[in-house]
Amino acid sequence: MSTPLPILYQDDALVVIAKPSGLLVHRTALARGETRFALQLLRDQLGRHVYPVHRLDRPTSGVLVFALSSEIARTLGEAFAEQRVSKRYLAVVRGHGPEAECLDYALREEDGRRPKAEMPAMAATTEVRRLDSVELPVRVDRYPSARYSLMEARPLTGRRHQIRRHLSRRGYPIIGDARHGKGNHNRFFSENLDTSRLLLAAVEMSLEHPVTGERLTVSAGLEDDMTQLFARFGWNAHLPRHGHRFEKAETEPSTTQAAIPTP
């Protein structure tokens with residue numbers, strides 16, 4: 001029997017899970033040979049239909065929202081399409097990342113159906129901020145030491161692989177990114193630091209509850225491999241944890257509940 005998916009928040013309208021790295025959200029044309037998907041696993045776990053309203057790349061872990069009815073799915077889908085949902089990610093990148101910057105690079109779709117050069121360029125914006133950094137006394141590239149940074153990323157648009165492509169284009173590829181990253185640094189982390197996955201996690205999402213109108217913010221802790229890496233690099237102060245909180249709608253006096261840890 002498979003391990004249950006961690007549930008971060010659930011009510012009669014929606015359910016939010018912490019998706020493990022390596023798990024596809026649902027079946028796609030690219031999922032040949034795959035038998036495990038978050039959609040089916042959660043449906044079986046809850047014993048009811050669930051409806052995906054957004055996506056996370058397969059190697060990305062973290063906050064993933066499902067609706068519990070088609071009507072709620074439409075409402076949430078519109079909120080995502082209209083960019084009324086805020087998202088916060090943590091990424092480990094090569095180099096000493098920028099202290100704070102807005103990355104505004106148009107991106108062409110990567111859907112595999114047509115050459116990327118034939119696809120229209122679409123506006124894409126990501127706010128990034130360096131939270132911490134570390135320098136290791138090892139030669140991984142052409143320098144005698146290797147620098148890595150912990151970056152916070154807040155995508156303001158929702159293009160495919162947006163954070164990965166923006167950080168790579170800016171010169172700070174995410175560790176473990178086989179498509180947009182650097183192989184020598186990926187191998188170093190895999191062989192020496194016990195992390196062979198994409199070091200990108202969706203750690204917080206904030207959206208308007210589709211029934212109550214309250215602002216719901218859900219956070220997800222990191223998986224064990226990233227948690228251990230943070231401890232090794234001295235980044236424990238930046239570790240997120242499972243939890244959720246509500247804020248009243250903007251038309252009412254603002255009151256906030258403390259984050260409620262999820263077992």
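Tutor: The protein chain has five helices and 14 strands. Keep in mind that this is a predicted model.

Student: What is the average pLDDT of the protein chain?

Tutor: The mean pLDDT is 91, and 89% of the residues score at least 70. Over residues 252–263, however, the pLDDT is below 50, although this stretch has 25 contacts in the model beyond near neighbours in sequence. Where pLDDT is low, the predicted coordinates should not be read in detail.

Student: How much of the protein chain counts as buried?

Tutor: 45% of its 263 residues. The accessible surface comes to about 13,600 Å², with 47% of that belonging to carbon and sulfur atoms.

Student: And contacts, what share join residues at least 24 apart?

Tutor: 62%, counted among contacts between residues at least 6 apart in sequence.

Student: Now the helix. Which residues of H4 are buried?

Tutor: H4 covers residues 183–192, and its buried residues are His185, Asn186, Phe188 and Phe189. These four lie on the same side of H4, because they cover an arc of only 160° around the axis.

Student: Which residue with a positive phi follows H4?

Tutor: Asp194 follows H4, with a phi near 55°.

How values were computed: Residues numbered from 1 in each chain as written. Predicted model: local features only at pLDDT ≥ 70, side-chain atom pairs only at ≥ 80, totals over all residues. Heavy atoms only, no water. Buried < 20%, exposed > 50% of the residue type's maximum accessible area, 1.4 Å probe, protein only. Helix = DSSP H or I, 4+ residues; strand = E, 2+ residues; numbered from the N terminus. Arc of directions from axis to C-beta. pLDDT = per-residue confidence, 0-100. Contact = heavy atoms within 4.5 Å. Areas by Shrake-Rupley, 256 points an atom, 1.4 Å probe, with all protein chains shown as cover.
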